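Student: I am new to this structure. Please take one part and look at it closely, then show me how the rest sits around it.

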Amino acid sequence: MAVVGEVVGEAERTVRLTAWVRGRVQGVGFRWWTRSRALELGLVGSAANLRDGRVEVNAEGPESACRELLVALRSGTTPGRVDSVVERWSEARDGTTGFAER
């Protein structure tokens, strides 16, 4: 039985999530944790330290999986302390493989 609003017979849209995470997120295992969550969700991309102390997360894959990663980033269960997450959604760029810590 289909759920109201569910698309049956179509593949889920592939998207790119870019998230800038602010807080105490460098030097605490945050990028490793993010990579682990992303791989569990079947996403590709990267998590990179920025000079201003934030971490930039780029993830591509099914929109629902990217949304799950975003929820995890905001969950309060990450290493360190997340004060805020700013997100941007765009079309997937294709060609990315794996999930890198930079």
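Tutor: Start with F99, which counts as buried because its relative accessibility is 5%. Buried means under 20% relative accessible area, exposed means over 50%, and partly exposed lies in between, with a 1.4 Å probe and protein chains only. A word on the source: this is a predicted model, where local features need pLDDT of at least 70, side-chain atom pairs count only at pLDDT 80 or more, and totals for chains, interfaces and linings use all residues. Residues are numbered from 1 along each chain as its sequence is written, and side-chain values use heavy atoms, with hydrogens and water left out.

F99 lies in strand β5. Helices (H or I, at least four residues) and strands (E, at least two) are DSSP runs, numbered from the N terminus. Leaving aside residues up to four places away in sequence, F99 touches T34, R35, A38, L39, L43, V44, G45, S46, A47, V57, N58 and A59. Contact means heavy atoms within 4.5 Å. R37 is 62 residues from F99 in sequence, and their C-alpha atoms are 10 Å apart in space.

Now turn to helix α1, residues 30-40. Its buried residues are F30, W33, T34, S36 and A38. Their cover includes β1, β2 (44-49), β3 (55-62), α2 (63-73), β4 (81-91) and β5 (99-101). After α1 comes G42, with a positive phi near 80°.

Helix α2 has its own buried set: E63, A65, C66, L69, L70, A72 and L73. Here the cover includes β1, α1, β3 and β4.

E12 and E63 are 51 residues apart in sequence, yet 7.0 Å apart in space, C-alpha to C-alpha. E12 lies in the segment before β1. Its relative accessible area is 42%, so E12 is partly exposed. Not counting residues up to four places away in sequence, E12 touches P62, E63 and S64. Its side chain reaches the backbone nitrogen of S64 at 2.6 Å.

Next, strand β1 (residues 14-24) holds R16. R16 is buried, because its relative accessible area is 10%. Its side chain makes a polar contact with the side chain of E60, at 2.7 Å. A polar contact is a pair of N or O atoms within 3.5 Å; within protein, one must be able to donate a hydrogen and the other to accept it, and residues adjacent in sequence count only if both atoms are side-chain atoms. Beyond residues up to four places away in sequence, R16 touches N58, A59, E60, R88, W89, S90, E91, A92 and R93.

R67 lies over its face, 4.5 Å from the ring centre. A charge sits over a ring if NZ of Lys or CZ of Arg is within 6 Å of the ring centre and within 35 degrees of the ring normal.

Finally, step back. The protein has two helices and five strands, running β-α-β-β-α-β-β from the N terminus on. Its C-alpha atoms fill a box of roughly 45 × 30 × 20 Å, taken along the principal axes. Of its 102 residues, 34% are buried. Among contacts between residues at least 6 apart in sequence, 76% join residues at least 24 apart.
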